[in-house]
Amino acid sequence: MRPEMKRFLEASSFVRMLPSLIEQLVAVNGAELPDRVRRLLCDAMNADIQGFLEAIAPAIEALYTDDDLLALVAFYETPIGRKLVENGPRLQEIAGIASQGWTAKIVERMGPEIERIMDEEEAQ
């Protein structure tokens, strides 16, 4: 991993936010799994965060040049950049709560159409 990438990941607090992202990933994609299995997966993923960083680094490096990454680091080192990083987990929590209410409203509004499609699917 390039040094600029390491600096970016540290400055952006990406690594610090990974445990909560892992929890969400496992909750969404493993909803049908027993709690103990989900916990086992979370623990294994958290133990291999370096493996995830190595897997995602090429995608980030394809999007950003070294100069881009250094500019992002410079931003994250400013007061507003630090504030963005500090508030990141809270914003993520707020977005999660807001999305639940928003999703519920859409599902409620679309209920009759969803039921119609489900009935059609069952009839086939």
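What covers the buried residues of helix H1? The cover includes helix H2 (14–29), helix H4 (49–63), H5 and H6, where contact is taken as heavy atoms within 4.5 Å. The structure discussed here is a predicted model, in which local features need pLDDT of at least 70, side-chain atom pairs count only at pLDDT 80 or more, and totals for chains, interfaces and linings use all residues. Residues are numbered from 1 along each chain as its sequence is written, and side-chain values use heavy atoms, with hydrogens and water left out.

Helix H1 spans residues 3–11, and its buried residues are Glu-4, Met-5, Phe-8, Leu-9 and Ala-11. Here, buried means under 20% relative accessible area, exposed over 50%, and partly exposed in between (1.4 Å probe, protein chains only). Helices are DSSP runs of H or I with at least four residues, numbered from the N terminus. After H1 comes Ser-13, which has a positive phi near 65°.

The model holds 3 aromatic pairs; rings of Phe, Tyr and Trp (its six-membered ring) pair if their centres lie within 6.5 Å, and planes under 30 degrees apart count as stacked, over 60 as edge-to-face and the rest as tilted. One of them joins Phe-8 to Tyr-76 in a tilted arrangement, at 6.3 Å centre to centre with 50° between the planes. Because Phe-8 lies in helix H1 and Tyr-76 in helix H5, this pair ties together parts that are 68 residues apart in sequence. Phe-8 is buried, at 10% relative accessible area, and Tyr-76 is buried too, at 16%.

Another pair, Phe-14 with Phe-52, is stacked, with 6.3 Å between centres and 15° between planes. Phe-14 belongs to helix H2 and Phe-52 to helix H4, so parts 38 residues apart in sequence are tied together. Phe-14 counts as buried at 19% relative accessibility, whereas Phe-52, at 37%, counts as partly exposed.

Phe-75 is found in helix H5 (residues 66–76) and is partly exposed, with a relative accessible area of 32%. Together with Ile-80, Leu-84, Leu-91 and Ile-94, Phe-75 forms a nonpolar surface patch with about 430 Å² of accessible area. Helix H6 (residues 79–123) gives the most to this patch, with 4 residues. Patches are made of residues with over 30% relative accessible area and no salt bridge, with like charges joined within 9 Å and nonpolar side chains (Val, Leu, Ile, Met, Phe, Trp, Tyr) within 5 Å. A salt bridge is a side-chain nitrogen of Lys or Arg within 4 Å of a carboxyl oxygen of Asp or Glu.

Note on methods
Areas by Shrake-Rupley, 256 points an atom, 1.4 Å probe, with all protein chains shown as cover. Helix = DSSP H or I, 4+ residues; strand = E, 2+ residues; numbered from the N terminus.
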